[in-house]
Amino acid sequence: MKKESAPSGSPGGTLNRAKPYQLVLFPLNNGATNVYYVLILSYVATFGSAVLGIAMVFASVMVTSMRVFDAITDPIIGALMDKTNGKFGKFRPFMVIGCVTMAVSVICLYVLTPYVPADMMWLRYVLFVLLYAVWVIGYTFQTSVTRAGQAVLTNDPKQRPLFTIFNTVGSLAGMGVMQFVGPIIARDGIAGDYNQTWFAIMTPIGIAVSVVLTILAIIGIWEKDQPKYFGLGGGSNEKVKLSEYVAIIKANKPLQRLMIAGGGCKLALSIATNVTVLIMLYGCMMGDYDNLYLPMMVLGYVFAVPFFGLTVRTAQKKGQKASLVRYVALAFCCYIGVLVLLLLWKQGDPAFNFSIMSGGKLSINLYTILFILFFGVGYGAYYATADMPIPMVADCADYETYRSGKFIPGIMGTLFSLVDKLVSSLSATVVGIAVSFIGLETLPTKVTPYTPGMNVVVIVLFCIIPMIAWAATLIAMKGYDLTGERMKKIQAVNAMRKEAIANGMSMEEAMKINNVPEQLKQAD
């Protein structure tokens, strides 16, 4: 039988490089699932409370419970993925199954469930929970591919940081579209204030966007989704028991720290961008949600653009760890300024209120200018780094192959995702509980008047919790040792071991190979 040599993208076969279109298209898988990050995770509590009449605290707690369920299913699906190697590949089946499952479940939830009579409230509760659970399973199927698939897409340290940019472009094509269209459809004269009509309109829009992005992502991973790119052994299916997960986490210390960092970044993003928090900030406090939310969202993306270039340049020169630490620290510093401004806010005082338009005319004061600067730079920095831990998971997967010889990107990605989701699942519950403390029985909408104490809730949710999360990220990254130089050594050793196995050497003998080119020895 003819043995396959390692895929090569450079002399010696050290690197597996992706083609430009693959780098651009595959990250759209994250955009496809982020459509539902907005449609479900941002609005499902509002849907349960405002449309179905379910108790607000129940709806909010259910969001957290389902995220925990989502996290629990992650390792199971990750193990299943690592064992999969059919005609349709390892990753593509999970993308298709996830896409179809989410589409069907969200139609049933948002479009059909409201037609259950109000006097059958028990059935509304049951359907809300069951359909949400089905959606979670589909979401886990597809999201797990985003992290795991990078291990076969490329291992070039110059290309992997680019995933963050294209991943963000994909997110904007998914999450950004939903965030932009949602408030427009919620305007009076169109659908109204996040009511049944709004959900009925947004559901097919979201599904259409997600399906298109999924198809493009499948095209992006198609050529790489084959055995010759799977680890050291040319397509062997790894069998790792669930009971071995703890041992893998314990041995893979970079993954431990990345779990904390990724969870911190996701918690900061999910709470600070939660629609309820933004409604309280721009609507209830500042009194002009329609004229502030969209401009500030666009402004945040504008500020983020240069940071994407900066984060990639830093990652390519000094490694992904250095880039993540630098720009998370910048976001932390800028949000100190945002915190001070919110502490100075005074209801009804024009000098200490955020304002862009007033009476149809431009109305910007010093408070607004400072808020835009601190928020813009801070948001740009943390938005550019929010998804940076995702390509770093591929480094941890390569390290696991280097350490143990196992190619288990599904497990590595979903172990990271487990903690990521457990932490970020707190966002909806934290917001719901915080709102209940000020006496509100339903989540605020843009027509909700200011309630005493709401400014304190906004300060805690919009600033303090994200800052604590960023501090945890910075502390965790101190001991993360997969620097740019060390990853060069790991990639070189993995390539030599793979070539040796392809030439007939046993796995046990190949794992003893640890010699690297002279110029890489300093990475030890």
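**Group meeting: buried residues and packed helices**

Hi everyone, let's start with M285, which counts as buried because its relative accessibility is 5%. Before going further, please keep in mind that this is a predicted model.

M285 sits in helix 12, which covers residues 275-285. What does M285 touch, once residues up to four places away in sequence are set aside? Its contacts are M280, L342, W345, N353, Y450, M454, N455 and V458. Take Y450 from that list: M285 and Y450 are 165 residues apart in sequence, yet their C-alpha atoms are 6.1 Å apart in space.

Now to the cysteines. How many disulfides does a search of the whole structure find? The search comes back with zero. Let me go through two of the cysteines. For C284, the closest cysteine sulfur belongs to C463 and is 16 Å away, so the two are too far apart for a bond. C284 is also buried, because its relative accessibility is 6%. C333 has its closest cysteine sulfur in C334, at 6.9 Å, and that is again too far for a bond. The cut-off behind this is that a disulfide needs the two sulfur atoms within 2.5 Å.

Next come two loop residues. T451 belongs to the loop between helix 18 (426-436) and helix 19 (454-477). Is T451 buried or exposed? With 15% relative accessibility, T451 counts as buried. Beyond its neighbours within four places in sequence, T451 is in contact with I438 and L440.

The other one is G319, in the loop between helix 13 (289-318) and helix 14 (320-344). G319 has a relative accessible area of 6%, so this glycine is buried as well. Leaving out neighbours within four places in sequence, the contacts of G319 are T314 and G484.

Why is helix 3, residues 44-51, described as largely enclosed by the rest of the structure? Because seven of its eight residues are buried. Those buried residues are V44, A45, T46, F47, G48, S49 and V51. Their cover includes helix 2, helix 4 (56-83), helix 5 (92-112), helix 6 (121-148) and helix 9. Just after helix 3 there is a backbone detail for those of you who like torsions: G53 has a positive phi of about 80°.

How do helix 3 and helix 4 pack? Their axes are 8 Å apart, at an angle of about 155°, which means that helix 3 is roughly antiparallel to helix 4. The crossing is right-handed. On the helix 3 side we have V44, A45 and S49, meeting M56, A59, S60 and V63 of helix 4. Sorted by class, this contact has five nonpolar residues, two polar ones and no charged ones.

Then there is the pair of helix 2 (residues 28-42) and helix 9 (residues 196-222), whose axes come within 7 Å and cross at roughly 165°. These two are therefore roughly antiparallel to each other. Which hand does the crossing have, left or right? Helix 2 passes helix 9 in a left-handed crossing. Helix 2 brings L28, N29, G31, A32, V35, Y36 and L39, while helix 9 brings M202, T203, G206, I207, V209, S210, L213, T214, L216 and A217. That contact counts eleven nonpolar, six polar and no charged residues.

My last pair is helix 5 and helix 6, with axes that come within 7 Å and cross at roughly 155°. At that angle, helix 5 is roughly antiparallel to helix 6, and the crossing is left-handed. From helix 5, the contact uses F94, M95, I97, G98, C99, T101, M102, S105, C108 and L109. From helix 6, the contact uses L127, F128, L131, V134, W135, G138, Y139, F141, Q142 and V145. The class count here is 15 nonpolar, five polar and no charged.

To wrap up, here are two things to take back to your viewers. The search of the whole structure gave zero disulfides, and helix 3 is largely enclosed by the rest of the structure, with seven of its eight residues buried.

Note on methods: Residues are numbered from 1 along each chain as its sequence is written. This is a predicted model: local features need pLDDT of at least 70, side-chain atom pairs count only at pLDDT 80 or more; totals for chains, interfaces and linings use all residues. Side-chain values use heavy atoms; hydrogens and water are left out. Buried means under 20% relative accessible area, exposed over 50%, partly exposed in between (1.4 Å probe, protein chains only). Axes are lines fitted to C-alpha atoms, for helices over the stretch in contact, and angles run from 0 to 180 degrees between N-to-C directions. Helices (H or I, at least four residues) and strands (E, at least two) are DSSP runs, numbered from the N terminus. Angles under 35 degrees count as roughly parallel, over 145 as roughly antiparallel, 65 to 115 as roughly perpendicular and the rest as oblique. A crossing is left-handed if the near helix is turned anticlockwise from the far one by less than a right angle, and right-handed if clockwise. Contact means heavy atoms within 4.5 Å. Ala, Val, Leu, Ile, Met, Phe, Trp, Tyr, Cys and Pro count as nonpolar, Asp, Glu, Lys and Arg as charged, and the others, Gly among them, as polar.
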